[in-house]
Amino acid sequence: MKVYKSEDAQKKILQSYDKLLAQWGCDKSERDIATIYGSTHVIECGDTSLPTLVLFHGVGDDSALMWIYNAAFLSKHFNIFAIDTIGGPGKSIPNENYNKDFDDILWIDQVLDGLKIEKAFFAGVSNGGYLLQYYTLKRPQRVIKGISIASAVPAGKRKGLIPPLFKIFLPEALFPSDKNVLKLMKKICGKNCNVFTDNPDIMFHWKSLLQGFNNMAMSFHKVRVFTDSEVDSIREKILYLAGEEDPFQKLGGKEALLSYHMNAVFYPDAGHGLSHELAEEINQKILDELK
């Protein structure tokens with residue numbers, strides 16, 4: 001499964017990835033962890049004596065973009081490991097074993113083992129928030145506590161990410177001109193959308209992802225619906241942070257969080273880019289909850 005539509009697209013995206021990474025504002029190192037599904041790219045920052053925080057980004061983006069406004073603050077308080085999802089854009093490279101038999105839990109197990117992480121704090125955005133929840137369900141002994149951002153509990157009537165993705169991202173994502181990329185960004189964000197639109201490197205990178213990333217490469221990551229008892233088992237370990245203007249929350253995410261009595265905080269005027277739009281507030285909330 002090709003992650004990028006062409007070699008030129010890959011080169012363009014990875015060059016802009018490095019440009020965003022240079023804006024993190026903190027010292028960092030990069031490494032690749034071997035798994036049975038291919039190599040997984042990890043960005044590490046923060047002193048090794050600090051508590052460990054593992055970060056998962058969302059679908060259709062990568063670590064460089066996702067944590068650009070969070071890494072500098074969080075790395076003062078945590079030893080951070082930001083993981084590029086295998087099959088997603090970024091620097092992870094899937095192999096022939098990355099197929100319909102792919103297992104998210106086994107993949108994360110092997111990444112953590114390769115990093116010599118026995119247990120940690122976790123945070124994830126959007127689909128990264130789902131990965132955090134699923135891993136907490138299957139490996140509770142490895143998750144101390146987690147923060148699920150711009151995500152919702154995958155239970156009840158929620159049947160996965162694909163229908164909401166179509167409703168929200170189409171038609172603009174099919175025709176990623178400058179005009180449509182700007183329109184889509186404003187569609188998914190709240191009033192602080194300018195944290196994206198005023199940064200030309202972010203907008204260039206996101207447009208490049210919409211043009212050059214092969215979305216089918218993420219098709220082997222399956223989102224499953226949790227039973228009521230499974231939701232009960234993760235409730236005390238996970239805090240949900242969501243924007244009131246997030247279109248995913250409006251399409252059932254908020255309703256699910258409330259109906260299942262999850263620990264959730266909702267932010268007025270914020271959208272799906274919550275960790276960017278309200279970076280200072282979210283950074284402090286993560287610190288307060290995990291430390």
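Ser75 sits in the loop that runs between helix H3 (71-74) and strand E4 (79-83). Please keep in mind that this is a predicted model. Within it, Ser75 has a relative accessibility of 10% and counts as buried, because the cut-off for that label is under 20%.

**Polar contacts of the Ser75 side chain**
- A polar atom of the Ser75 side chain lies 2.8 Å from the backbone oxygen of Ala71.
- The backbone oxygen of Ala72 is also close by, at 3.1 Å from a polar atom of the side chain of Ser75.

**Neighbours of Ser75 from elsewhere in the sequence**
- Once neighbours within four places in sequence are set aside, Ser75 is in contact with Cys26, Cys45, Gly46, Asp47, Leu50 and Ile80.
- Glu44 is 31 residues away from Ser75 along the chain, and the C-alpha atoms of the two are separated by 9.0 Å.

**Fold and overall dimensions**
- The protein is built with 13 helices and nine strands.
- Its radius of gyration is 17 Å, which agrees with the value near 19 Å that a compact globule of 291 residues would have.
- Taken along the principal axes, the C-alpha atoms fill a box of roughly 45 × 40 × 40 Å.

**Packing across the chain**
- Of the 291 residues, 58% count as buried, and Ser75 is one of the buried residues.
- Among contacts with a separation of 6 or more, 75% are made by residues 24 or more positions apart.

**Surface and charge**
- The accessible surface of the protein amounts to about 12600 Å², and carbon and sulfur atoms account for 53% of that area.
- The side chains include 34 positive and 36 negative ones.
- How far apart are the centres of the two charge sets? They lie 4 Å from each other.

Terms used:
Residues numbered from 1 in each chain as written. Predicted model: local features only at pLDDT ≥ 70, side-chain atom pairs only at ≥ 80, totals over all residues. Heavy atoms only, no water. Helix = DSSP H or I, 4+ residues; strand = E, 2+ residues; numbered from the N terminus. Rg over C-alpha atoms; globule rule 2.2 N^0.38 Å. Buried < 20%, exposed > 50% of the residue type's maximum accessible area, 1.4 Å probe, protein only. Contact = heavy atoms within 4.5 Å. Areas by Shrake-Rupley, 256 points an atom, 1.4 Å probe, with all protein chains shown as cover. Lys, Arg positive; Asp, Glu negative; His and termini not counted. Charge placed at Lys NZ, Arg CZ, Asp CG, Glu CD. Polar contact = N/O pair within 3.5 Å; in protein donor to acceptor, adjacent residues only side chain to side chain.
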